[in-house]
2 protein chains.
Amino acid sequence: MTEMMTRIVLAKRPQGSPTPEDFRLEEAPMPQPGAGEMLVRVVWLTLDPYMRGRMDDAKSYAAPVPIGGTMEGGTVAQVLTSDNPKFAPGDYVLTHSGWCSHAVSDGKGVRKLDPAAAPLSTALGVLGMPGLTAFAGLHEHGRPKPGETLVVGAATGAVGSLVGQLAKIYGLRAVGVAGGAEKCAWAVEELGFDACLDHRAAPDAGALREQLAAACPDGIDIYFENVGGKTLEAVVPLMNQFGRIPVCGMIAWYDLGGLGMGEAPGPNLLPRTWRTILVKRLSVRGFIVTDHAERFRDFISEVPEYIRDGRVKYRESVTHGLANAPSAFLALLKGGNFGKQLVKVGAG
Amino acid sequence: MTEMMTRIVLAKRPQGSPTPEDFRLEEAPMPQPGAGEMLVRVVWLTLDPYMRGRMDDAKSYAAPVPIGGTMEGGTVAQVLTSDNPKFAPGDYVLTHSGWCSHAVSDGKGVRKLDPAAAPLSTALGVLGMPGLTAFAGLHEHGRPKPGETLVVGAATGAVGSLVGQLAKIYGLRAVGVAGGAEKCAWAVEELGFDACLDHRAAPDAGALREQLAAACPDGIDIYFENVGGKTLEAVVPLMNQFGRIPVCGMIAWYDLGGLGMGEAPGPNLLPRTWRTILVKRLSVRGFIVTDHAERFRDFISEVPEYIRDGRVKYRESVTHGLANAPSAFLALLKGGNFGKQLVKVGAG
C-alpha cells in the first residue's frame, strides 16, 4: 500500500470573504526525497492574515497560490529521512512547507531549531516571522522615542501584542485596539498596555475616535497599521505632527478583493487622509518582513530575553488537525482567534 | 489729508470654491512705523495655492486668516523710511506683508535682496519659497537616483517646473502632468521634460493612467504630489517597489473644504491606495517648506547657477494691480496661470 500524505489546496479564488469551499483537503502519495533532500513531517503550521492575499490573483509582493496548489505557510517540522548533511533524522526545523502533513526539502531556507531553548511553536510566532515583523517595523519605520504614544490595531494578535509590549519596554504609552472585551482586558492586565479599546463596541469611527482621544491625551505619534478600516479612520485625525505610520497589514479590507483593490463604497476617505499626511507631515511607510531580514540578528538577541524575564508575554490559539486549518483561518480573518493562531498537524 | 494704503482682506470663508465675494479691497490710513521699525511699499506679491488653506477655519500647520484680516502672502517691497539700522530707504527686501500696498515691519524675518543679482521677482518664485519647496522636497523625501522615473503634477507651476528640471539635471526621466496642450508643450520643449500629459484631455483617471504607463515604461519611482485628485488616482498603481511620494499639495481637492477635510463622494479610494503603499512598500511623506529652512543654503548655492547656465528656466504670469489679486488667485486655483503667478503691486 502506498504511503499517503495530506494537504490543503486552494480549490477556487474567493469572492469577497473566503468560505470553506475555497479550500480542499487532498490525499496524495508520500513525496520521495531525491539526492541531497530530506523528508519532513509537519508538527506546527502557522496561520497568518497575509495568506488571504495569496488567495487572490492580484499583483502583490508575492505570487498567488495557484488553483489546486498547496496553501502557503510556515511550519515547524521534524526530519524523517535526510540525504542532506546539514540535517539528521529527528531534527526539528523551521520551514515553509505550506498546509500539509509531509514535505520534501533541499534544505534551502530551512533553519534548525533547538527544542530546549524555547517551545518549538514560538519559532512561528513571537520568535518567528510575526515577531520580527513587529520588531523591524517598529524600529525601522515607527522610530519610537520614550514618552511618545503608540497605537496598534489587532493588539492581541501575534504582531500587535509584541508591538505594544516593545513600546512599553522602550518607554512609550501603548494603546491597543482589539475586538472584544476579553481581548482588551488581556492586553491591559497581562500585556501591560496603558489602554485597549474594543472596536466592536464602537458603533462607528467617530465613536472609536472619541475613545482614542481620551486614551491618548498627548495625541498619537506612531500608529502601527495592521487593520485599516474603522480603526484607521479613527486614528488619522489624532496623529501628531511628524507622526509615523508603518503599514504592515489591513485585515479589515482584505475581503474587498485583491487585498483591498476592489471597489469600496464611499465616502472617499483618501482626500482627508492625504490632507492630514500633508499638514501633519506624516510619514507613511509600507513594509514587509522579508525586506528586513538583516534585523533578525538584533531581534533574536533582544526579544528572547524579554520572554525569559517576563516582560514579553505571548498567547497561542491552537487548532488540532490539518483538516481544521481552513475553518481556523476563516475565523482568524474575522478576529476569532485570541493570540497567535497555530494548527497542530502532528505530534511533537 | 491722511495718506492711505490699500489691502485685500478676507471678507468671509469660502463655501467650496472661493468667489470674488470672499475678498474685499479696503483703504486704510497709512501705518506709522514705531521705534526700530520701517515702512515699506510693496512691489511684488506672490500668489500660491497654499493660501487657499488659510481661508478655511480648519486646523492646519498655520493659523487661518481671520475674517477681516489681510490675506497672507510673501512680497518683495522697497523700504521708504527706516528706523532699523539693518535696512535703509531704497533697499529692496523679501517680506511677508500680505496682500497690501504698504506695511510696517520690525525687520524680523526680512531679507535684503540684491536687484543686480537676479530679477527681484525670482525671490518669490524659482529662487524663493516655491523653489526651496521643490528642492527640499525632492532631496529629502524624493531621494532621486539617476535612471529613475519621476512624475510631477502642476508641472508648469512654480514648484513642479523646478522639480522636473532638477530631476533631469540629476539624471532621471521626468514626466509632467499639466492642464492644457500649451503648458504640456512648454514643459517638453522648453523645460526638457521627457513627456507631459494633459489631464484635461483625459476623460478619467483610467485614461490618464494609460498615458502615464506609456510615458513611464519603467514605472514610477518618485511621484512629487502637488495635486491629488485624478492624477494621484492614475499614478498610484504605476508606482514601483520602494517608490517615494513627497506630499507637497493637493490643489485638486482644496475646495472640498478644510483642505480636503470635507465629505468627498465615493468610491472610497483609501483601501486601494493603502494596499499599494503596503505591497509596493511605498514611502509617503507630507512636508512643508518651513520644515526645511536648513536646506536654503544648499539650494541658493546650487540653483542660481542652473538659471545662469540655462539648465533651469522659469516663467512668470504677472497680473497688474493689487485690486486684481483676488481674480488672479481664483484663476490660479483653476490652473488659469501659466508659470509662477505674481501681482505687480507697485513700481520697481
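This is a predicted model: local features need pLDDT of at least 70, side-chain atom pairs count only at pLDDT 80 or more; totals for chains, interfaces and linings use all residues.

Me: How many residues of chain B are in contact with chain A?

Reply: A general idea to begin with: the size of an interface is often given as the accessible area lost when the parts come together. Here we can look at residue contacts instead: 36 residues of chain B are in contact with 36 residues of chain A. On chain B, helix H7 (270-279) and strand S13 (283-286) each supply at least two residues of the side that touches chain A. H7(B) gives the largest share of that side, nine residues. By class, the side of chain B that touches chain A has 21 nonpolar, eight polar and seven charged residues.

Me: And how do I read two helices, say H2(A) and H8(A): at what angle do their axes cross?

Reply: Two packed helices are described by the angle between their axes and the distance between the axes. For H2 (residues 129-142) and H8 (residues 296-308), both of chain A, the axes come within 10 Å and cross at roughly 105 degrees. That angle is why H2(A) counts as roughly perpendicular to H8(A).

Me: Which residues of H2(A) and H8(A) meet?

Reply: From H2(A) come Gly131(A), Leu132(A) and Phe135(A), and they meet Phe296(A), Phe299(A) and Val303(A) of H8(A). This contact of H2(A) with H8(A) has five nonpolar residues, one polar and no charged ones.

Note on methods:
Residues are numbered from 1 along each chain as its sequence is written. Chains are lettered from A and ligands numbered from 1 in the order in which they are written. Two residues are in contact if their C-beta atoms, placed from the backbone, lie within 7 Å. Helices (H or I, at least four residues) and strands (E, at least two) are DSSP runs, numbered from the N terminus. Ala, Val, Leu, Ile, Met, Phe, Trp, Tyr, Cys and Pro count as nonpolar, Asp, Glu, Lys and Arg as charged, and the others, Gly among them, as polar. Axes are lines fitted to C-alpha atoms, for helices over the stretch in contact, and angles run from 0 to 180 degrees between N-to-C directions. Angles under 35 degrees count as roughly parallel, over 145 as roughly antiparallel, 65 to 115 as roughly perpendicular and the rest as oblique.
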